[in-house]
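Subject: Structure for your review

Dear colleague,

My notes on salt bridges, strand pairing and selected residues follow it.

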Amino acid sequence: MASFHDVLFPLAVSFGATGGPERRNEIVTLTSGREKRNARFAHSRRHYDAGTGLRSLEDLHEVLAFFEARRGSLHAFRFRDPFDMKSCAPGATPGPLDQMLGTGDGSARRFALVKTYGSGPDAYQRPIFKPAAGSLRVAVGGADAAGNFSFDAETGEVVFSAGKAPTGGQAVTAGYEFDVPVRFDTDRLSISLRAFRAGQIPSIPLIEVQP
């Protein structure tokens, strides 16, 4: 990803942020009264407001320094989504069997890291490009594959070492914590110290970027 700084937005502030995913669908009502619906984006795009996570002047100063270091909206960075940041349930610990990545055929060494929402043919697979450092665990056929793989941050794929490709029929699974690549959705922060002390929260919009 161009112009990406591999640094994490202040964690304490992110856990107080608000926001979530957005879908872009076009809905046209036909003369018959029926609707024709089309998805404009293949994947959802997340928006956050980090302003709601500010709890102190120290938080405010930390975010200001982070904003300046990223040159406003110029450089993207990691953001820990407080609502969706694990391959498993929110209260559980990620394990290598959490998410199905694919099935081995004896030659394929690359498997896209994904998180699946829903089940069956209508399930949605979200690409995961920013697993948290040190959290990614992979299993092949149910056995931990530690030491036999790496992660390609450019393509978002788990890459098995030469000679370690999963054999035919072996399930490739993974567990992880992950961050969302975002940038500031503004080039100007408008903050009043008096207003902040009086409880007025500034808006600090963030938007997800796609690799």
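E35 is partly exposed in this predicted model, with a relative accessible area of 43%. This residue belongs to strand β4, which covers residues 35–39. Its side chain meets that of R37 in a salt bridge, with 2.7 Å from N to O. The two side chains are also joined by a polar contact of 2.7 Å. R37 itself is exposed, because its relative accessible area of 57% lies over the 50% cut-off. When residues up to four places away in sequence are not counted, E35 touches I27, V28 and T29.

Salt bridges across the chain

How many salt bridges does a search of the whole structure find? The search returns 14.

One is formed by D6 and R78, whose closest N and O atoms are 2.5 Å apart. Are the two partners buried or exposed? D6 counts as exposed, at 55% relative accessibility, whereas R78 is buried, with a relative accessible area of 13%. The cut-offs explain the assignment: D6 is exposed because its value is over 50%, and R78 is buried because its value is under 20%. Both residues also take part in a network of salt bridges that links D6, R78, R80, E177 and D179.

The other salt bridge is between R126 and D84, where the closest N and O atoms are 3.2 Å apart. Here too the pair links distant parts of the chain, 42 residues apart: R126 is in strand β10 (residues 124–127), and D84 is in the loop between β6 and β7 (99–103). R126 counts as buried at 4% relative accessibility, and D84 is buried as well, with a relative accessible area of 13%.

Strand pairing

Strands of a sheet pair through backbone hydrogen bonds, either parallel or antiparallel. Which arrangement is found in the open sheet of four strands? Its order is β7-β15-β11-β12, and the pairing is antiparallel. β7 and β12 (143–144) are the edge strands, each pairing on one side only. Between β7 and strand β15 (residues 171–175), the antiparallel pairing runs over four bridges. In β15, A174 stands opposite Q99.

A buried serine in a loop

Where is S135 placed? S135 sits in the loop between β10 and β11 (137–140). S135 is buried, because its relative accessible area of 16% is under the 20% cut-off. Its side chain reaches the backbone oxygen of A132 at 2.8 Å. Leaving aside neighbours within four places in sequence, S135 is in contact with G175, Y176 and E177. Of these, E177 is also one of the residues in the salt-bridge network described above, and G175 falls within the range given for β15 (residues 171–175).

With kind regards

Conventions. Residues numbered from 1 in each chain as written. Predicted model: local features only at pLDDT ≥ 70, side-chain atom pairs only at ≥ 80, totals over all residues. Heavy atoms only, no water. Salt bridge = Lys/Arg side-chain N within 4 Å of Asp/Glu carboxyl O. Buried < 20%, exposed > 50% of the residue type's maximum accessible area, 1.4 Å probe, protein only. Helix = DSSP H or I, 4+ residues; strand = E, 2+ residues; numbered from the N terminus. Pairing = 2+ DSSP bridges. Polar contact = N/O pair within 3.5 Å; in protein donor to acceptor, adjacent residues only side chain to side chain. Contact = heavy atoms within 4.5 Å.
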